[in-house]
Amino acid sequence: MTHFDALETRSQDAREAAQTALLRQGVALAASAPAGQHLAGARIDSLADLASLPVLRKSDLTNWQRARPPFGGLYTGAVGQVFQSPGPIYEPGGITPDWWRMGRFLHAAGIGPQDMVQNCFSYHLVPAGMIFESGARAVGARVLPAGTGQTDLQVRAAADLGSTAYAGTPDYLKVILDRAEEMGERLAITRAVVGGGALFPSLRQSYADRGILCLQCYATADLGNIAYESPAMEGMILDEGVIVEIVRPGTGDPVPEGEVGEVLVTALNPDYPLIRFATGDLSAFLPGQSPCGRTGRRIKGWMGRADQTTKIKGMFVRPEQVAALVAAHPEVLRARIVASRRGESDEMTVKLETRATDPALYEGTILATLKLRGRVELVPPGSLPNDGKVIEDLRSYD
């Protein structure tokens, strides 16, 4: 397979020289914004100089955006869309082709002009649907903007239109395939590009058994594509439009090569230069290069959260949301969210310390606060562990 462009196979020296020049421009652009005054006077002679700059966290973005809505004064390009993530944090959508740099990932998965991509990422408020649609356009594929839910209609459309590729969360493709079998439909999907949640090995294998190559990427609403798998499936290759650092959680200090730490990303995007943006995710660098011929550095992929925030069914659940859930019901003393798996699907259990006896009292607040449905378990006061943990992830990522 040919590569997406020449950037993927350049030497590391050429990559670092080009990225240093872009980083210098990005820091200057960010420093010229009211929210970027902390970068004023920063000198960038090499990528190593990044470590001397302060870390940018989501809380900073939130504060800046409140002061200068909607993007804190950091965005300088033409705005095509405005999106909202929990916080709330508002993200821009640029108008230039493949603004989120997702085409590189779809190309690596073998998706091109011959394909119809059934895009099952949400188009509602969040940018995921548009991120993958822009990537599909970058490789010349057609797109069915299917969004989430309505599985019977998803099956009908996939069968009628001959969808050959799926984009969406890892779990939902299995829901579609299983429903198609129940409806007596044979779908033509042979490739899947997924994100927004963990791709468990057993689930990937179940797709392979059905003749579907399933690859995952690591992307965020703020940064676009950060890293992606190729068919070699040996770690995730860093996108050419970002610089990634692995640091000790809660600091900006790089860890030794191979050690697990928090992922910091600098987006080399002149429209929206986010410098040393803390993702809250854990990962580690892999040595060497991918067998697929791409020469960029690789990370192991998503290895958990540096804080307790986690993704369940493709949605972030944050400690502050758990606190809001407790605050909404004075009789609830403490709460604990437990993420687990049943078969190949995520499950969420909400444990509430209360003397109440009817779980239905809390279902509406849970959906409104967490944006997810889950099983409610009422437990006696004092029964939850006194360990400060409000979100517990019992899923295995081996």
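Good morning. Please bear in mind that the structure on display is a predicted model.

Strand β17, residues 334–342, and strand β18, residues 345–353, are paired in the antiparallel sense, and nine bridges join them. In general, strands of a sheet pair through backbone hydrogen bonds, either parallel or antiparallel.

Let me now turn to the sheet as a whole. Its four strands run in the order β19-β18-β17-β20, the sheet is open, and the pairing is mixed. At the edges are β19, residues 375–379, and β20, residues 391–393, each of which pairs on one side only. From one strand to the next, the twist averages 25 degrees.

Two helices pack on this sheet. Helix α8, residues 319–327, touches β17, β18 and β20, and its direction makes about 125 degrees with that of β17. Helix α9, residues 360–370, touches β17, β18 and β19; here the angle is taken with the direction of β18, and it is about 120 degrees.

Asparagine 225 lies in strand β8, which covers residues 224–228. Is asparagine 225 buried or exposed? Its relative accessible area is 0%, and because buried means under 20%, asparagine 225 counts as buried. Which residues surround it, leaving aside neighbours within four places in sequence? Asparagine 225 is in contact with Trp100, Arg101, Met102 and Phe105, with Cys217, Tyr218 and Ala219, and with Asp239 and Val242.

Thank you for your attention.

Notes. Residues are numbered from 1 along each chain as its sequence is written. This is a predicted model: local features need pLDDT of at least 70, side-chain atom pairs count only at pLDDT 80 or more; totals for chains, interfaces and linings use all residues. Side-chain values use heavy atoms; hydrogens and water are left out. Two strands pair if DSSP finds at least two bridges between them. Axes are lines fitted to C-alpha atoms, for helices over the stretch in contact, and angles run from 0 to 180 degrees between N-to-C directions. Contact means heavy atoms within 4.5 Å. Buried means under 20% relative accessible area, exposed over 50%, partly exposed in between (1.4 Å probe, protein chains only).
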